[in-house]
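Open the model in a viewer and keep the selection panel at hand. The stops below follow one another, each with something to select.

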Amino acid sequence: MESSLKPDGRVRRANSMVKFSAEAPEADSVAPSPRATEAAGLSVPPTDIYPRASVSSAVPLTIHVQDEDGWPARRVSVRTNSAMDHGMQQVLGSDNYRSKSRSSSSHEVQDHHKDSNHGNDISGVNDNAIFNKAVTISASGSLSSRFPFAREVSETVSTKLKEMRWVIIAITVNSLLMYYCAGMNDGIIVPLHYSIVTSVGCVVFELVLLISNILTCYALDSGASAWFGSLLGGQRGFSLSVCGFFQASPFEKWAFANQLSLNSTCRHMLSRASIVWVLLELMKWMTPIAATSIHGSSMRVDSGSVECIVFSQDGTPVDRKWPNVVVEAGVSELIFGTALGILRSEMPVNQTTFIMTPQIIGAVDDGDTIIGPGYLTTISTNCACTKNNQISGIEAAGIPTTVSAALHARFQTLGHELGWANAIDIQDDHITVRSLLSGAVLCGGRNGSFIPICTTTLSDHREATVMVRYMTDGTTASIAPETVTIRKVGKVANIRDWLGASVLAIFDGPISSFELPATVPGVLNPLMWWTSPNLMTINPALLEGGIETSLSILIRGGMQRTYTTHGETCARNIAVPGQSLVTMLQYGTHVSVFILSVQLFMCVVATVAFVPWLMSPYPLGPCIRAVRETVYFTTLVNSSSVCQGFDQLCNAQPHAIWQSLDIVVRIGEPIGTRSEPIGHISMDRPKLMGWLTNGKKYY
């Protein structure tokens with residue numbers, strides 16, 4: 001159906017008759033299908049008026065359009081070859097047509113539409129539009145049937161950013177982990193019981209680190225494929241061996257690069273690049289080290305208060321004559337080492353940090369913690385044997401002559417019983433306690449001529465806010481300190497006047513001696529229990545840590561004896577059920593930060609590798625796809641003209657195959673076919689290839 005204009009100006013729609021006439025040099029071609037033409041609703045003249053033409057020949061074809069009422073005919077002359085001839089058959093409704101020619105069509109359309117009765121020319125714009133649209137649809141359908149797998153190559157900024165998703169995800173995950181690991185020294189609150197965190201926290205943290213490493217590997221692969229893909233699509237091209245480099249596993253990349261020929265243009269580049277993947281894989285081996293440093297503890301908050309006694313350096317020291325060494329020896333039977341501070345005999349530390357805590361006078365529940373003012377003191381001990389049991393041997397240990405004689409005299413009073421002879425030297429910033437042990441049987445046996453001598457230094461005496469956790473069975477008499485921790489370290493405290501007075505008071509002067517008798521037959525004195533593995537004999541390996549613990553107990557008694565005391569209200573700290581505080585030891589923090597720093601650096605490298613593709617005005621997706629996808633790479637190799645003679649490599653070793661593929665090619669569109677409506681993606685020598693066109697279909 002078509003529209004026409006009547007002489008009186010009205011629009012009239014009439015059935016049209018289409019007539020064909022053509023001149024053909026040959027008569028062996030096949031006429032258009034009348035059945036298809038009739039199915040289109042057009043009037044079909046006898047088939048013998050259709051000329052026959054050769055498939056490859058170009059013939060002029062004239063189409064006459066005339067309505068039923070005798071309106072002037074419209075003549076359309078088309079010069080076409082066989083492809084356009086078959087396309088015209090599709091315009092007329094042919095269902096069985098298939099194009100077999102790849103040559104392009106050229107046609108000229110002449111439109112003469114006149115009104116012979118009125119002498120007025122009537123334009124056939126509608127007919128031209130319908131005709132051109134029909135021819136375009138016909139050509140498009142013909143090409144689609146010839147190239148059914150052709151797709152449009154279109155790249156935008158969003159498309160490229162989507163390909164960078166692994167880089168973006170890896171940077172985000174590594175940055176978040178870096179932030180949390182840096183804060184693990186202070187602890188992170190999680191809504192889980194601390195027993196669960198202790199049991200599964202290490203496994204979960206290791207899995208998180210491994211996932212971050214895997215994401216970084218994906219990011220690095222994406223960035224490297226984008227970089228090498230841009231080289232394959234560039235004007236100079238690149239070696240195909242880079243595709244095999246990406247097919248190898250991280251630890252096999254080094255071997256792959258070194259199997260290439262010495263004349264290879266990319267051997268050295270790929271060898272150095274393989275180190276990046278190996279380094280990233282080695283980060284996986286370090287994750288267990290970081291994971292084992294995870295520690296969970298119950299989450300605690302301040303709630304309420306309890307009455308307590310605190311010690312301070314107000315006024316001047318006063319010796320209250322109690323407690324003494326004998327009392328402290330009895331206390332040693334009941335006290336926990338963890339309630340004295342951070343002890344060398346209890347924890348893996350190089351020196352002891354004694355913590356003086358407040359004393360409660362109120363009632364607390366089991367597991368409750370009080371917070372109050374206290375003091376810190378660093379204690380360090382070294383033990384050795386004198387050269388002899390005379391004064392000269394004591395002087396050789398670094399003790400002045402005047403002190404050595406008095407100390408030796410005190411030591412002689414102890415005989416062979418277990419005891420201490422001590423000499424105290426007080427300075428402004430430290431106190432030195434030199435102790436001779438009698439009856440210890442550590443240097444040459446019971447009747448030996450060598451004396452064990454230990455030198456202990458008390459230093460770094462500071463004020464602090466401390467936390468004491470108590471345990472009880474529910475009765476007031478059973479309340480006892482269980483552990484003590486430091487909440488805040490304060491200013492430096494006075495050593496000479498206050499701590500010195502406490503040490504002199506508990507040791508009964510600058511030079512003193514006292515026996516350490518057994519309270520139970522066959523068992524060491526309780527002050528020496530931390531020097532023995534079995535409470536019966538002193539072990540030389542435990543001597544130094546045990547002496548530091550014994551001095552912590554004595555200094556605690558000395559501060560109770562001389563420091564100023566007053567009543568105060570201490571804050572009560574209780575555990576929050578269902579929450580825990582996750583912390584990480586220092587070595588774990590260092591290892592985690594190192595792993596995440598390396599992975600973040602790899603992510604930055606991957607981001608930089610995307611820059612050539614992001615800045616390119618030409619699409620590089622097929623080039624990148626050839627690097628990543630083995631199947632697509634194989635397809636390009638099979639369709640390439642530069643990869644000939646591969647039928648001889650069917651039983652060759654892998655390195656021989658890749659050495660044969662180690663040729664410089666460029667992936668793009670052949671220069672000779674750029675004018676075709678559907679392009680062809682191929683690989684060939686760089687000078688024979690051109691850039692791909694954005695928005696164009698390719699097969």
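Where is the place of Pro323? Select Pro323: its place is in the loop between strand E12 and helix H10 (325–332). Helices (H or I, at least four residues) and strands (E, at least two) are DSSP runs, numbered from the N terminus. The peptide bond from Trp322 to Pro323 is cis, with omega near 5°.

Before going on, note the conventions. This is a predicted model, in which local features need pLDDT of at least 70 and side-chain atom pairs count only at pLDDT 80 or more, while totals for chains, interfaces and linings use all residues. Residues are numbered from 1 along each chain as its sequence is written, and side-chain values use heavy atoms, with hydrogens and water left out.

**Two backbone stops**

Select Val441, in the loop between strand E18 (430–438) and E19. Phi of Val441 is near 55°, a positive value in a residue other than glycine. Next select Leu535, in the loop between strand E21 (511–515) and helix H14 (540–562). Phi of Leu535 is near 65°, again positive in a residue other than glycine. Most residues other than glycine have a negative phi, and most peptide bonds are trans.

**Helix H15 and its partners**

Select H15 (residues 586–609) together with H6 (residues 194–232): their axes come within 8 Å and cross at roughly 20°. Axes are lines fitted to C-alpha atoms, for helices over the stretch in contact, and angles run from 0 to 180 degrees between N-to-C directions. The angle makes H6 roughly parallel to H15; under 35 degrees counts as roughly parallel, over 145 as roughly antiparallel, 65 to 115 as roughly perpendicular and the rest as oblique. The crossing of H6 and H15 is left-handed, meaning that the near helix is turned anticlockwise from the far one by less than a right angle.

For the side chains of this pair, show Phe205, Leu209 and Trp227, which are among the H6 residues that meet H15, and Leu596, Met602 and Cys603, which are among those on the H15 side. Contact means heavy atoms within 4.5 Å. The residues of the contact of H6 with H15 divide into twelve nonpolar, six polar and no charged. Ala, Val, Leu, Ile, Met, Phe, Trp, Tyr, Cys and Pro count as nonpolar, Asp, Glu, Lys and Arg as charged, and the others, Gly among them, as polar.

The axes of H9 and H15 come within 10 Å and cross at roughly 155°, which makes H9 roughly antiparallel to H15. This crossing of H9 and H15 is left-handed. H9 residues including Val276, Met283 and Ile289 meet H15 residues including Tyr587, Phe594 and Met602. By class, the contact of H9 with H15 has 13 nonpolar, four polar and no charged residues.

The contact includes Val167, Asn174 and Cys181 of H5 and Thr589, Gln599 and Thr607 of H15.

Which residues are the closest to the centre of the largest pocket? This pocket holds about 1,400 Å³ of space. Of the 42 residues that line the largest pocket, the closest to its centre are His295, Ser297, Thr485, Leu581 and Thr583. On a 1 Å grid over the protein atoms alone, a cavity is a set of points where a 1.4 Å probe fits but cannot get out, and a pocket is an open set with protein on both sides within 12 Å along at least five of seven lines; lining residues have an atom within 4 Å of a point. Grid points are joined across faces, edges and corners, and a volume is the space filled by probe spheres set on the points. Colour the lining of the largest pocket by class to find 19 nonpolar, 18 polar and five charged residues.

Finish at the second largest pocket, with a volume of about 740 Å³. Select Arg151, Pro622, Arg625, Tyr632 and Ile681, which lie nearest its centre. H17 gives the most to the lining of the second largest pocket, with five residues.
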